[in-house]
Amino acid sequence: MKELKDICYIPVKFSEIDSMQRVWHGTYITYFEDGRESFGRHYPGISYADMQQSGIYAPIYGLQARYYAPLAMNDTAIIHTSYIYKPGARLDYTYKIYRESDNTLCAEGSTTQLFIDTQGELMTDKPGYYQQWQDKYQITNLKNKPNE
């Protein structure tokens, strides 16, 4: 199976700039979310709309970010979002954010989301829509790969 990956382009907005004339570090977390939203549109079945329709959501459980180079006003961020298969009721993604003008890696990170049911309780089994999505993109066959 090929890697499930999405690329989206986000122009830097004035409201994202800090006092040093650079994109504020917290904005990169928003860029991760922009990447997840774009990924969900590219690979239908696990978008925020799908979650909302089912009443079963996947809030962020863990987040990691590393910063290498700044983005500034008039830059465009290129967000590479990749789905990482992990067994169980969870969604894992990695991100790389590049500056479009010179293809410099500005930041990278990862997130883990865990599913909660309609009562807000943590789920240990995958929701139906997530299992259907994994079946559609033949994700579950990855569980036989070593080190997964």
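Predicted model: local features only at pLDDT ≥ 70, side-chain atom pairs only at ≥ 80, totals over all residues.
Biologist: How many helices and strands does the protein chain have, and in what order do they run?

Modeller: The protein chain has 3 helices and 5 strands, and, read from the N terminus, these elements follow the order β-α-α-β-β-β-β-α. As to overall form, the radius of gyration is 16 Å, close to the 15 Å given by the globule rule for 148 residues, so the protein chain is as compact as a globular protein of that length. Along its principal axes, the C-alpha trace spans about 45 × 35 × 25 Å.

Biologist: What share of the residues is buried, and what share of the contacts joins residues at least 24 apart?

Modeller: Buried residues account for 45% of the 148 residues in the protein chain. If we take the contacts between residues at least 6 apart in sequence, 68% of them join residues at least 24 apart. The protein chain exposes about 8400 Å², of which carbon and sulfur atoms supply 50%. On the side of charge, there are 15 positive and 18 negative charges, and their mean positions are 6 Å apart.

Biologist: Which residues have a positive phi although they are not glycines?

Modeller: The backbone angle phi can be read residue by residue, and two cases can be set side by side here. Asn74 has a positive phi of about 75° without being a glycine, and this residue is found in the loop between strand S2 (60-67) and strand S3 (76-83). With a relative accessibility of 72%, Asn74 counts as exposed. Gln138, which is not a glycine either, has a positive phi of about 50° and lies in the segment after helix H3 (128-136). Gln138 is exposed as well, its relative accessible area being 52%.

Biologist: Where is Ala72, and which residues does it touch?

Modeller: To read contacts across the chain, one sets aside the close neighbours in sequence and asks what remains. Ala72 sits in the loop between S2 and S3, and at 16% relative accessibility this residue counts as buried. Not counting residues up to four places away in sequence, Ala72 touches Val12, Ile17, Gln21, Arg22 and Val23. By contrast, the C-alpha atoms of Ala72 and Gly40, which are 32 residues apart along the chain, are separated by 27 Å.

Biologist: What does His42 contact, leaving aside its neighbours within four places in sequence?

Modeller: His42 is in contact with Lys5, Asp6 and Tyr137 once those neighbours are left aside. This histidine is placed in helix H1 (residues 27-42), and at 43% relative accessibility it counts as partly exposed. The C-alpha atoms of His42 and Lys5 are separated by 8.8 Å, while the two residues are 37 residues apart along the chain.

Biologist: And how far apart are Gln131 and Ala89, in sequence and in space?

Modeller: Gln131 and Ala89 are 42 residues apart in sequence, and their C-alpha atoms are 9.2 Å apart in space. Gln131 itself lies in helix H3, where, at 27% relative accessibility, this residue counts as partly exposed.

Methods: Residues numbered from 1 in each chain as written. Heavy atoms only, no water. Helix = DSSP H or I, 4+ residues; strand = E, 2+ residues; numbered from the N terminus. Rg over C-alpha atoms; globule rule 2.2 N^0.38 Å. Buried < 20%, exposed > 50% of the residue type's maximum accessible area, 1.4 Å probe, protein only. Contact = heavy atoms within 4.5 Å. Areas by Shrake-Rupley, 256 points an atom, 1.4 Å probe, with all protein chains shown as cover. Lys, Arg positive; Asp, Glu negative; His and termini not counted. Charge placed at Lys NZ, Arg CZ, Asp CG, Glu CD.
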